[in-house]
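Welcome, and please open your viewer.

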Number of protein chains: 2
Amino acid sequence: MMTQRQERGRGSGIPAMPAGPGSIDIDNLPALARGCAVMGAGGGGDPFVGMLMAREAIHQHGPVRLADLDDLPADGLVMPCGLVGAPTIAIEKLQNGGEGARLAAEVEDLTGRPVVAIMPFEIGGSNGLIPLNWAARLRLPYVDADGMGRAFPTIPQMTMNLAGVPSSPCVMADERMNTLVIRAGSVGWTERLLRTSTASFGGAAVAALYLMDVATARHATVRGSVSRALALGAALGRAGADPVGTVLDELAAVQLIRGKVIDVERETFGGFVRGSVIVEDVLTEGRLLRLEIQNENLAALEDGEVRACVPDVITVLDARTGEAIVTERLRYGQQVAVIAFPGPEVWRAPAGLAVSGPDAFGLRFPYTPIRTGGVRAG
Amino acid sequence: MMTQRQERGRGSGIPAMPAGPGSIDIDNLPALARGCAVMGAGGGGDPFVGMLMAREAIHQHGPVRLADLDDLPADGLVMPCGLVGAPTIAIEKLQNGGEGARLAAEVEDLTGRPVVAIMPFEIGGSNGLIPLNWAARLRLPYVDADGMGRAFPTIPQMTMNLAGVPSSPCVMADERMNTLVIRAGSVGWTERLLRTSTASFGGAAVAALYLMDVATARHATVRGSVSRALALGAALGRAGADPVGTVLDELAAVQLIRGKVIDVERETFGGFVRGSVIVEDVLTEGRLLRLEIQNENLAALEDGEVRACVPDVITVLDARTGEAIVTERLRYGQQVAVIAFPGPEVWRAPAGLAVSGPDAFGLRFPYTPIRTGGVRAG
C-alpha cells in the first residue's frame, strides 16, 4: 500500500505541502481532481487539464479559501461558472487564463455589484477545477457547492433552475477576447443561444450564469460538493491494491461491469459530443454493457435492459488505478470498471427528473433507479 | 399613363396625402419601398412587409423626420440597425414591433448615452423600411444615409467597417424577448457570432451595431441613400408604359436580359438563403442568364462569362410593372427584366472590393465592372 505522499509524488511531481484547513492548495488539488473526475459521470471536461490550470494559478496567487455559503455575506453576489461545450474540443482548445476575470468584470458591470465568491456550476470533471483557477487569480473564495452535484450537458440541468433562479443574464467568453451576453426569455432559449454560440466559438467556451446572492445560493445549490470531491479523491489516493473497491465503498456504488472497451463511437457537433461505448466482460465472454453518451455517460444498457441511467451517476474507472476516465478519453482496449451510484436527491425527485431524467435526453425509457448498498455485482 | 395618385391608390388603398418636406409619411412610403427594393439587389428582405410595418407605425405615431447628418448634433449617438438573417424566413417570422425599442434601450444602457437618430444599416429591401418603423415608434429622426448604399448579406460589408468603426458592441433581439450583446475581438467574429445566433433565433433577428456619433457617421456612411430611394421610387411611381425603361434611365442602368424565370434553386441554412436562378431570353431562344444568390443577387453569368457582379447592383424587375422582385419572391414563370448598375464608389475601390467583391463571396472570378451609359443591350 502506498502512502498518500508517495501517490501524490509519483506521476505529478507535486510537492506534498500540507494544505490549510478549508483551503485548496497545490497539495490537495490532485485529490480534488480525482474526486471531480469520479463525480462527473465521465463529463465536465478532462480534470487533468483543469488541474494543470488551477495548479498554475495557485502557484502564482496562493491557496484558495473554500467557503461554506453560511460563512459568506447573505447579500453577496455568487458567480456560478465553468466550461461549456464539447469536452473532446476543450482538451485541445485551451484557455488563455484571463477568461474568468473577463466573466467577472462583465458580471459586475451588468449587475453593478462586486462578485464575492466563485462557484463551479458543475463539480464534475474539469469544471470542478477551472473556476478554482479563476478564483485563485481573482483572489476570491471558492464556494463549497455546485449546481449539479455531478456533471450534466445542458444549462437547464442546474439546481438553480429548479430553484427558480433566472438563467439570464448569461455571460460567455472565449480565449480570443470575444464576449457575449445572453438575456433570454426562458432557460430553454438560454440553452439554445448558448449552445449555438458555443459551436460558433469553436465548440468550447466559458460561461457564467444563474447569478444569485449568497442567501439564494444556500437553498439553490448542491452544498458541500467540493468537500465531497476532495474526500473522495483523498480516499482514492490512499487506496491500496483495490482502488476500484475503495471507490465502490466510498460512494456505496455498484459495479456494472469490469472488462475491456471493445467499441467507441463518438461524434462532436452542435457544441456536444455524443456517442456510445461497448464494454465486454473480462470473465464472461459475450457479456456486453453499452454506454450512451452526451458529454456525460447517460445510460448503461445490457441486453436491452437499463442497468443505470441519468440522473444517477455512471462513471468509467481505470480497472487498475481506479481513476475515472472521462468520455473523451475512452479508447478501444482500455481495461475498465463501470460503476454507478445515486445522483443527488434533488435530481431524483419529480421536478428534477423532468429536466435530468432519460426523457430529457430523448431516451425512450423510464428512469430506473440504481440499486445501492455496496452490491458489487457485475 | 397613370397619374401618381391613381398609381398609389390602385393596390394599396393608401390615401394620397402630401408628405411634409424632409419627412416620411404614409404618402411617400410606397415610393420609398419601391426605391429600396430596386436598390437592394434582390436582398434586404421583402419591402412589402417592411412597408406595412412602417405604415402602421407612422399611422400611430406620425411622420418621421428625415435628417441629414449635417443637421444632427456632432456628438449625438446614431444607431445603425435592421433585420439580419434569411429573407425567406423573415417574410414569415414577423416581428412584434417592440424590437427597435429594445435594441435602443440596450444600446443606451451599454453606452450610457441617448440615441439621437435611427439609421438603416442597409437601404436595400425591407431594411430601408424596418428601422423607419422603429424611428416612428421611438419618435426619433431617420438618418438620410445607410451603411451599404444597397444590400449585402454580411456584417463586414458595411461602410462603417471600412471607416474603422468597431462592430462591437452588437446588440441582437428577436420577437420572443431574447436579447444578445456581442463584444467580439474582430468584425469577423462579430459576423460569425451574429450569424450562428441568427440561425439559433430561427433564421432571422434584428440587430444594432457600428454604434457611432454623428461626426463619425458623416464620413463613415453612404449619405443621401434614403432620399435616393425616395426619388427612384417616385420616378417609378410616375412611370408610364415602360416602367423598366424608367428605372434604367433613372439609374443609368443596363438591362442584362428580359425573359422568363425558368429555374429557381434556393436553400435556407446557416442564417442565409443561397441559390441560383436562370432566366431565358424572351426573344432569343436558348439564351440564358444565370444569377448566383446569397440573400442578394451576387453575379449574373452568361455562357460562363460574368455580365455583372458584386459590388455592382443586380436587380430583377417585374417586366410589366418595373417593381423589383426580391430573391425570396423569385418563382418559375415570372416575366422579368434583369438590370445592373454600379454599386457605390466606396465598394468599387480596392478596400471596398476586398470585403464586397466576388472573392469575398467565394466566387472565383475577378470583379468585372458593369459598363454604364444607359445601354439597354440585353
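Two strands count as paired if DSSP finds at least two bridges between them. Keep that in mind as you explore this predicted model.

**Stop 1: the paired strands.** Select residues 179–183 in chain A, which make up strand E8 of that chain. How many bridges join this strand to E8(B)? There are five, and the two strands run antiparallel. Now pick out A:Val181: standing opposite, in E8(B), is B:Val181.

**Stop 2: the whole contact.** Next, colour the residues where the chains touch: 21 come from chain A and 21 from chain B. Together the two chains bury about 1700 Å², and carbon and sulfur atoms account for 45% of that. On chain B, highlight B:Arg183, B:Trp189 and B:Ser200, which lose the most area to chain A and together make up 32% of what that side buries.

Stop 3: Show the side chains of B:Glu106 and A:Arg183. They form a salt bridge, with 2.8 Å between the closest N and O atoms. The count of salt bridges between the two chains is two.

**Stop 4: what chain B supplies.** Select strand E8 (179–183) and helix H8 (187–200) of chain B; each supplies at least two residues of the side touching chain A. Which element gives the most to that side? H8(B) does, with seven residues. Finally, colour that side of chain B by residue type: you will find nine nonpolar, eight polar and four charged residues.

Terms used: Residues are numbered from 1 along each chain as its sequence is written. Chains are lettered from A and ligands numbered from 1 in the order in which they are written. This is a predicted model: local features need pLDDT of at least 70, side-chain atom pairs count only at pLDDT 80 or more; totals for chains, interfaces and linings use all residues. Side-chain values use heavy atoms; hydrogens and water are left out. Contact means heavy atoms within 4.5 Å. Buried area is the accessible area (1.4 Å probe) that two parts lose on being put together, summed over both. A salt bridge is a side-chain nitrogen of Lys or Arg within 4 Å of a carboxyl oxygen of Asp or Glu. Helices (H or I, at least four residues) and strands (E, at least two) are DSSP runs, numbered from the N terminus. Ala, Val, Leu, Ile, Met, Phe, Trp, Tyr, Cys and Pro count as nonpolar, Asp, Glu, Lys and Arg as charged, and the others, Gly among them, as polar.
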